[in-house]
Amino acid sequence: MNFDVISLFPAMFSSPIGESILGKALERGLISFEAHNLRDWATGRHQVTDDAPYGGGNGMLLKPEPVFAAVEEIRSRRPASKVVMLTPQGKRFDQREASELASCDGLIFLCGRYEGFDERIRQNLVDLEYSIGDYVLTGGELGAMVMIDAVSRLLPGVLGGRDSACADSFSDGLLEHPHYTRPAEFRGMSVPEILLSGDHGRIARWRREQQLERTLARRPDLLDSAPLSDEDRRFLDGLKQSGGASRL
Ligand code: 9D3
């Protein structure tokens, strides 16, 4: 998959995309990535990219001319890519959106700064508009990085087979159970005995119950859409009756 980003701060992307798993994916040719500086498409001696809003008001907006020029040039090189705009008003990005985007040939991210974009950009240039959550950032760059990370790890070969994307939290609609590694006792804190028992059936059931209890305590909204067995439902009913699932 090809990722292009258009930003006033293209240097922000180098570590998150260059290191670790995404860095390996780049080296292996599983993804490509290019950060473009919007200023390169701005004309005039000062290469201005922003201007004040018509009708008055606070803050500055990204001007249409450099954004149209940048998107049109990059899209001509990557005709199959979708143009994604990052704004606080966009559709909330979640794991389902990540899976859907993972089947695209390429994505061109348009990262805003200032108060946002001239509306003609949204209406004529953009295929998809996303927010990454209900908090205020200083621009779209971190949003684009979050999306590139979440989409890339779903692509074939990006994660090792051992740590594949289908076994993780949210794929079964629940939060994860707790994990432990050696030593079995650390500063008086011990690993739950069942995990040392070697009884894989009981361990699987314990882990499932931990997932259910933790999800009930922290994210009960997820239980509405998680696929649950009759046994899961009985366990949850028992928890709710005893007022359990508090400190998980
Ligand atoms: C005064 C109204 N503000 C909207 C809440 C203006 C404004 C604030 C921050 C406009 C743009 C921004 C910069 N944020 C993004 O570009 C952004 C963002 C975010 O702030 N939160 C979550 N997801 C995203 S994606 C892009």
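1. Helix H7 and helix H9 form a right-handed crossing in this predicted model. H7 covers residues 200–218 and H9 covers residues 230–241; their axes approach within 10 Å and cross at roughly 50 degrees. Angles under 35 degrees count as roughly parallel and those of 65 to 115 as roughly perpendicular, and the two helices are therefore oblique to each other.

2. On the H7 side, the contact with H9 is made by Arg205, Arg208, Glu209, Leu212, Glu213 and Leu216. The residues that they meet in H9 are Glu231, Asp232, Phe235, Leu236, Leu239 and Lys240. Sorted by class, this contact has seven charged residues, five nonpolar ones and no polar ones.

3. The ligand is surrounded by 15 residues, of which Glu115, Ile132, Gly133, Tyr135 and Leu137 are the closest.

4. For Ile132, a backbone N or O atom lies 3.0 Å from a ligand nitrogen atom. For Tyr135, a polar backbone atom is 2.7 Å from a nitrogen atom of the ligand. At Gly140, a polar backbone atom is 3.3 Å from an oxygen atom of the ligand.

5. The peptide bond from Arg182 to Pro183 is cis, with omega near 5 degrees. Pro183 is located in the loop that runs between helix H6 (141–152) and strand S9 (185–186).

6. Ser20 has a positive phi, near 55 degrees, although the residue is not glycine.

How values were computed. Residues are numbered from 1 along each chain as its sequence is written. This is a predicted model: local features need pLDDT of at least 70, side-chain atom pairs count only at pLDDT 80 or more; totals for chains, interfaces and linings use all residues. Side-chain values use heavy atoms; hydrogens and water are left out. Axes are lines fitted to C-alpha atoms, for helices over the stretch in contact, and angles run from 0 to 180 degrees between N-to-C directions. Helices (H or I, at least four residues) and strands (E, at least two) are DSSP runs, numbered from the N terminus. Angles under 35 degrees count as roughly parallel, over 145 as roughly antiparallel, 65 to 115 as roughly perpendicular and the rest as oblique. A crossing is left-handed if the near helix is turned anticlockwise from the far one by less than a right angle, and right-handed if clockwise. Contact means heavy atoms within 4.5 Å. Ala, Val, Leu, Ile, Met, Phe, Trp, Tyr, Cys and Pro count as nonpolar, Asp, Glu, Lys and Arg as charged, and the others, Gly among them, as polar. A residue is near a molecule or strand if one of its heavy atoms lies within 4 Å of it. A polar contact is a pair of N or O atoms within 3.5 Å; within protein, one must be able to donate a hydrogen and the other to accept it, and residues adjacent in sequence count only if both atoms are side-chain atoms.
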